[in-house]
Amino acid sequence: MRMHSFWKRYCILGMVFLTGCSFTGSESPQDSGRPAPISGRGPVGGGAGAGADSAGGVGFVGGGDRDLSAIVDAVANPPAVRRYTARSAKATRAPLSGQLTPVGYGALNGWNNDNLVAAWPAWLRSCLALGHRGEPFTSLCNAAQAIGPRDAGAIRAYFESHFVPHALNGTDKASASSNTVTGYYEPLLRGSKTRSSRFDTPLYRTPKDLVTVDLNDPYPELRALRLRGRLVKGANGQGDRVVPYATRGELEKSGQLLGLELVYVEDPVEAFFLQVQGSGRVQLDNGQMMRIGYADQNGHPYKSIGRWLVDKGELTLAQATMQGIKAWLAKNPQRKDELLHQNPSMVFFKELPASQDATEGPFGSLGVPLTAGRSVAVDNRFIPAGLPVFVQTRIPTGVNSNFKPTSRLMFAQDTGSAIQGAHRADFFFGSGAVAGELAGKMKAQGSMVVLLPKGY
């Protein structure tokens, strides 16, 4: 993801490298309903990392002149067939901001050329969350179970007969200019459950003395905010009080996280950006794959180590990428702590259940696994969670700075604090280095049309 509403999922990766992010809401995937981000935005969101300009891309070695964007066109495995029973007669519809104008499928440029077979597994995953919510979703999701996952004609007929495209027209100030599509991904690291000279960068579990204060009950206007810290005894019987939790540097220097190591990874920079994304996978030295997700955070704001290096004259703006930071650390290993401790924020992780399906990404805010190239983080004030969205934008190919147009059916399965506006979106590219390469370069103009169920 990403810490995908924490400060990712969804600060732009370029901003993460160079400027950091401001906090204007909840600080975790869980705070916004994300079980584990795009994020994770990141956090998985992150995160859900998000896209970047040319100065913020994630480097990828070995791309050559191949069009790497084909990874977002792969057909994922659909979930098992199931029968949905409504928990309520009719699904609750939250009021939406802006205006929705019905349009015909003929107005969707590229609709007839989209490979809906590749989109189908993502819709079935949306049904895992929507199918029990009542009508019209229970009937829609049960009808979907009867369609063959590779029956292109039946899949197209299903969407065209059950959904009506609606153009989005935002009425808030942000929507007037927020038609940017960025990208995020799920990192893949190498690691071990045992510390060694190779695997010596720990990822930690949540400390037991970290407390989170939910302000929703006493201050409903602050329902999107959380306070994090630790409790200390007040003097003279004045009661307990919450004080700021230790910073990253203080935690690592004091040793108070000893015993909370979840896993050790080999690259401190990749570990750092795993915290930006909020979730990821670790290829263990015993051959097993470990999936980890955001658990909590120490409450301190994120500060960019890339920006610090630029301000110090150590790197140029163009060099302040993940690969550039890695190269700088390789030349200056004795300054690793000095660099990483410039960011006071520390993210804590938990191990997630292993998936038997390699095509499943991390969980988005909808509570279902994300699908590469078909899941998108959106602003739920304008687009209801889980619904189909027809996205028109341009995506990087991985060849130099080339982009190509894409028009595809995606699904609103994630959110993020920086994803604000009717046409603001974060495109999930999948897992691993190639996905990171594309997500790091992704920043383009775009637009969306939401497909609402008939009678919704």
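Author: Start at P136, which sits in the loop between helix 3 (116-130) and helix 4 (137-145). Helices (H or I, at least four residues) and strands (E, at least two) are DSSP runs, numbered from the N terminus. This is a predicted model, in which local features need pLDDT of at least 70 and side-chain atom pairs count only at pLDDT 80 or more, while totals for chains, interfaces and linings use all residues. Residues are numbered from 1 along each chain as its sequence is written, and side-chain values use heavy atoms, with hydrogens and water left out.

The bond between E135 and P136 is a cis peptide bond, with omega at about 10°. Most peptide bonds are trans.

Next comes helix 5 (residues 152-162), where I155, R156, Y158 and F159 are buried. Buried means under 20% relative accessible area, exposed means over 50%, and partly exposed lies in between (1.4 Å probe, protein chains only). Seen down the axis of helix 5, the buried residues fall within an arc of 155°, so they line one face of the helix; the arc is taken from the directions from the helix axis to the C-beta atoms. What do these buried residues pack against? Their partners are helix 3, helix 4, strand 2 (163-169), strand 14 (388-396) and strand 15 (403-414). Contact here means heavy atoms within 4.5 Å.

Leaving aside residues up to four places away in sequence, F159 touches Y105, W111, L116, W120, W123, P388, L409 and F411. In the largest nonpolar core, which has 73 residues, W123 and F159 touch the most other members. Helix 3 gives the most to this core, with 10 residues. A nonpolar core is a set of buried Ala, Val, Leu, Ile, Met, Phe, Trp, Tyr and Cys residues joined through side-chain atoms within 4.5 Å. A second, separate core of 14 residues includes V265, M290, V347 and F349.

Axes are lines fitted to C-alpha atoms, for helices over the stretch in contact, and angles run from 0 to 180 degrees between N-to-C directions. At one end of the strand order, strand 3 and strand 17 pair in the antiparallel sense over three bridges, and V181 has A444 in strand 17 as a bridge partner. Two strands pair if DSSP finds at least two bridges between them.

Strand 3 (residues 180-186) also holds E186. R291 forms a salt bridge with E186, the closest N and O atoms being 3.3 Å apart. The pair links distant parts of the chain, with R291 in strand 11 (residues 289-297) and the two residues 105 apart. A salt bridge is a side-chain nitrogen of Lys or Arg within 4 Å of a carboxyl oxygen of Asp or Glu. R281 joins E186 and R291 in a network of salt bridges. The structure holds 15 salt bridges.

Strand 11, where R291 sits, belongs to an open sheet of six strands in the order 5-9-4-10-11-12, with mixed pairing. Strand 5 (201-204) and strand 12 (347-352) stand at its edges, each with a single partner strand, so one side of each has no neighbour in the sheet. Neighbouring strands of this sheet are turned by 45° against each other on average, direction ignored. Within this sheet, strand 4 (residues 188-192) and strand 9 (residues 261-265) run antiparallel and are joined by two bridges. The bridge partner of G191 in strand 9 is V265, a residue of the second core.
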